Each structure stands twice: as C-alpha cells, then as structure tokens.
Amino acid sequence: GGAGGDGGLGFTSPLLDCDPLVPEFCGFPFPSNVYTVQDASTETGRRVRFGEEMLRGNDSTPWDYSDGFSAGSPIMTFLSGATGVEFGGPEDIEQSVSAASPTIVLDAETGDLVPHFAEIDAAARNAGERAVMIRPATRLRDDARYIVAFRNLSDEDSALIGASPEFAALRDGTDSADESIEARREVYEDIFSKLQDKGWERDSIQIAWDFNTASSANNTRWLEHMRDTAFELIEADGGFKYTLTIEESSEDDGAIDPTNIAYRIFGTFRVPLFMTTPDPGSLLILDDDEMPIVNEDMPWADIPFEVLIPQSAKENPAPIIEYGHGLFGEKEQIQSSHFRSFMNEYNYIFVGTDLQGMSDPDVEAVTDALGTGKFSAVQTMWDRLHQGFLNHVVLLRLMKEKFAADATYGQYVKGDEAYYHGISQGGIMGSVILALSDDIERGALGVMGMPYSLLVFRSVDFDPFLTLIRLYYPDRRTNQLLLGMGQMPWDRVEAMGYAHRVTKNPLSGVNAKEVLMRAAIGDWQVTTLGAHILARTMEAPLLDSGLQDAGIRYDIWGLDKVESTSSGSFYVELDFAHPGEPLCNLPPDGICEDPHEYPRRREASRKQLDEFLQVGTGTNHCLVDDADAEPAIADGVCSFPSLSGCTDETEETVEAICSGE
C-alpha cells in the first residue's frame, strides 16, 4: 500500500482487493489506503489501484491516474443493523465535532476534527444494503491523511453493533489468520493512538481506517496543460479564428425578440482538439507522461457558439457574460425570455457554447455507456468535459480580444469587461471556469452545489441514470460505491477540484474571483446541502435574506450571516414556502412545485446580479413594493409563497419520503 502522505509518518498498508474489515461487502470501507500502492512518480507518493472483485467487471482506467482519493468523497462503510438514530444529520453538524459524536473524521497531520454529517442510505429499503455514510461539511485538504471511525452505533433493538472479527483483532490485539490484519498492526496503532488523543476509547470503536486525498495537481494539471497548450497553438496559428454562420437582426422577419435583442449570431470557433474525435463518446488522448495531447490527425475542432446582443448595446457597448447551461443542456438556453429582457434592461451581451461532455448531444453517449453494464464506460463524460471546459475558456478570450474587434459587431462589445453566469449544471461547473480563466472578474453561480456524488442521489434528474446503473448493479451499496469512486475523476471536471482555488490561492497565472452563489430551498434538482458545502469551501458569508429571522430557515452551520457586502463573495437563499427538504439522501420529488428555476427570474435577483457584477456588492433587494410580479412577503424577506405549488392535498411530505411511506 501507499506510504503516509501528510500525517502518515511513513506507515504503509497492504494492497487489497476486498478489505476483510467489512466482510459483508467488497469495497468498504471506502475510501481507504488499502486501495493504493507506493509510486514515487506522483506528488503524493501513492497511486490508486482497485482490484478485480472490487471493480466488478469495470475498466480501471478512469482511476489509474489518481494519486489519492477525492477531497469530497463520500466516506462509507457497512455496519450490519445500524439504524443511524445516533446521527445528528445535516441539521446538526456541530454534533460531529463534539466529544459525544458517534463519528469522527480526523486530519492526521493537524489534529483538526473535520465537521461532517453522517447518514444511512435511505434509498436502501433492505437493511442488508444500507451503507453508513459520512459527508464532510467542507472540502478536505489536498494530499492529506484522514482517519475515520465509528462508535456506539446500535441496531433496532438498541443493542450495540459488534465489530467484525477482523477489526476486533486489530482493535483488541488478538491474533488473526488474515495476513492483511497482521500487516496493519503498526498503522493501526497510530490510528488508535490519534483517536485516543481525541477522547475515543479504543474498545468503543466499531470500525476505523485511514485514507489519503489526492494532490491538487491530480485534479487540475490536465486542464491547466490543455489551456496553456491551446493558447500557445492558437497564437502560433495566427490568433483566434471564428466563422459566423447565421446573422439575425431585429429587423429581420421572424427575429427572436426585436424589443430586447438587436442581433442573434451563430458561428463556430477553432479550438485545438485533445480528443480521439470531436464527437460524443470520444476520449482524451494522453502521452507517455499521462498528459493530454492534441489529436495529430485532427488537431483542430470547429465549436459552435451563439451570441445575443441587446438593443441597449447600440447606445452603450455591453460587457460580456459567458453562460453556463443546465444539465445536459445546450447553448441556446441563452435565448430564454427572462435572459433576453435581463440583457436589454441591464445591458449585457450573452455568449454560450455547449459544455461538451454534459450537453444535449452527450445524453445518448452517456446512456449508451451505462447501458453497456460497465459504469467505467462513462469515462467519455469525464474526458470530454475537459474539452468542454477548454472550449469555454477559449471562447471567453476570443470574445474579449477578437469578437470585440469584429468589423460589424465589435462596436457593441465592451471587450475589457467579462463575467460568468451559470445555472444548475452551469452553476455546479462554473467553479472550474472561474478557476481556470483569467479573463473574468466576477462570476454568478445559480442553484449550484458540490460534489456530484452528494448531489445526484438527492436530485430527481438522476433517476433515469440510476435506473440504468441498477440494472447491472442492483445492490444499493454498490450504487453508493460506484458514485463514490466516480467522484475521483469528477474532481478533475467539477467544483470539488477547483472551488478552493477560485476566491483565494488561485491557480498559477489566474486572478482570484468574487462569486455570487444563490440557491432555492426545496430545490428538487440541486440540494442546498451541496450549496452549503460550496459556500463554506469558498469561505463566503450568508447574505441575510430574512429567512432565519422570519423562522423560515435554520441557521446554516459554518456560514457567517451578513446584512450586506461591500465586496467579495456571498451566498444567498430564496424561499418558496416549501415544507422543507428531506434530511435523507433522497430528492424532494412531489413536494409542491420544483422551485429550481424561480430564483433567477425574480426581479430582486436580477437587480442583485447586476449590482454584484458591476461593483461587487451584495444587497438584499427583496422588497414588498418591488416591481416583481411576485413580491416578497415582507421587506427584506426573500420568500415567495404564491409560487410554492403546495396544496392541502399534497401527497408527499418530507418525513414520508425519508421513511419510505
């Protein structure tokens, strides 16, 4: 197994396929250092290696390049009969750092306790498939060793759950016929010693283990390399190149919105291609040093894009907003009516391109991949997202430097001012673009969160994909394990790998950003629990939207509440009179109406967005005398009960969802 890493003190663990500490299920506990080997070529000195039985027929390639585990990984095990009644859950994160906590996540180097919440997999109605899971409340450190333990968990009869014989041998110092147990004596003496320093008595522990997170470079080096290589190649090729294919004026018959939009423009722009093909289903091409390289046979790809120029830009050149579309969406989402009116009212040019990997053309490729029966086949999604993000970064630079000088349209473009605005998937993924691009000053992330392995089980959007996965992996523990494993390649192409480099400690050559984050309580598609993790990771305060004082929302652990901000990032929530969110890992499907799209359509939100982008301030604009068609219930209280969709006949309740009734 791999050597220590930070806090590891050189301890090693044996490389295992299945860990006998959890004899009932191969792959638990996860993540664990027993799934790593020593490798001096990586930054952590480790490399992840999953065995054949644990892989369950999957190709190991998506994980072969990892030098540790995700800093946002679900931490999972199986304790037969555990009910989770001892867990405080997401509303009591404080419990996890208290002396009485039944769970602990310990930074082995610093000695800090990691705040988190623990839960039992509510999707598993069969008790024999219920994973026990821990979710860190903020992003873990890169290249760091963590120790995890559980104690004092009981079954339905209130009897303490016993440790497995193999773990008991480690804990109690008794003999074991298992060679892997004997090989772990030294590392476990260190684990128990560090736990005892935190007041955890050895004989109370039901299971414990350690794991190392991946290095920062493990997550970002591919995209950083692709970005730098692409700009060098573009410069050597004579600069940015684009072709306009459709040019529509507000004076043309059938123009999209003559009142608000002066010009709708479609075109393509040239980007170096790092994929086997430019089409869905393709894979990254890597060299012998495990770095992406340009396709020798097809070094350039023509990427479609769309630009909307508002009527207001005819009077004053407009700043650029690059838009990030929703789940498996497309660039044409910038044509939404509320965006068109926002562009003209506040004078912004919107530009969009599909996020390759998770755009509309990729749906079939991803579903076909899952239909093979191999979860690892979704590697095409993770790989192609690298090209998708590269395209966004290149497009933004092109808009500022080349399109702003266009003979026809450049006069309307304020080329020295650009922002990012992403919604849903675009909000989740926006952190990657903000961390990679030095062409943006501020960004807005709507109904967003991280990490994906947390979001998906709490989203109605995941149901069709989970249905496909379960055709081949019916055990709920395997569902959780695969998505937990999937978080590792996801870190290279989602917020978990980049959010901590957006507002502070930016990547080399990139400016730190200010970020507006906004969420809807009761969102069916993106849980606010993920939004809280993102906000805490960016160290953003909670902008007071009146909900806590009005008794609508509990205080959010780890977020300082502020009345307003004069600069910097902030997080804000809007309420739509839902009865609450399930505290289990299931979506609020059927609870009233889905408020997912509501926040960005509120006039208060539009004012807030414009003010933030222009001057960086955060202000609560929810006022009863607002021009909004759905005014707030009181001055400063961002609650819009008329949009709830709740009725007396609402069949599902939060409690019923979590209990399976």
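How do the residues lining the second largest cavity divide into nonpolar, polar and charged? Here are my notes, starting with that one.

1. **The second largest cavity, by residue type.** Six of its lining residues are nonpolar, three are polar and two are charged. Keep in mind as you look that this is a predicted model.

2. **Who lines it.** The space inside the second largest cavity comes to about 80 Å³. If you want to find it on screen, pick out H421, I423, A444, L445, G446, V447, L516, R518, H596, P599 and R600, which make up its lining. In terms of elements, β14 (413-423), β15 (442-446), β16 (514-520) and α15 (598-601) each bring at least two residues to that lining. The top contributor is β15, with three residues.

3. **The largest cavity.** Searching the whole structure turns up 12 cavities of 30 Å³ or more, and the largest has a volume of about 320 Å³. Its lining takes in 24 residues, and the ones nearest its centre are L327, M358, Y452, V456 and F462. Sorted by type, the lining of this largest cavity has 19 nonpolar residues, four polar ones and one charged one.

4. **Helices around the largest cavity.** Which elements each supply at least two residues of its lining? You'll want to highlight α8 (363-371), α9 (379-401), α10 (425-436), α11 (452-455), α12 (463-472) and α13 (476-490).

5. **The largest pocket.** Now for the pockets: the largest one has a volume of about 470 Å³. It has 21 lining residues, with T83, I120, A122, C584 and C658 lying nearest its centre.

6. Quick reminder: strands in a sheet pair through backbone hydrogen bonds, and the pairing can be parallel or antiparallel. This sheet is an open one of three strands, ordered β3-β6-β5, and its pairing is antiparallel. The edges are β3 (75-77) and β5 (116-120), each of which pairs on one side only. From one strand to the next, the twist averages 15°.

7. **A closer look at β5 and β6.** How many bridges join β5 and β6? There are five, and they link β5 to β6 (residues 132-136) in the antiparallel sense. For a landmark, find H116, which sits opposite P136 of β6.

Conventions
Residues numbered from 1 in each chain as written. Predicted model: local features only at pLDDT ≥ 70, side-chain atom pairs only at ≥ 80, totals over all residues. Heavy atoms only, no water. Pairing = 2+ DSSP bridges. Helix = DSSP H or I, 4+ residues; strand = E, 2+ residues; numbered from the N terminus. Axes fitted to C-alpha atoms, helices over the stretch in contact; angles between N-to-C directions. 1 Å grid on protein atoms, 1.4 Å probe; cavity = no way out; pocket = protein on both sides within 12 Å on 5 of 7 lines; lining within 4 Å. Points joined across faces, edges and corners; volume = space filled by probe spheres on them. Nonpolar A, V, L, I, M, F, W, Y, C, P; charged D, E, K, R; others polar.
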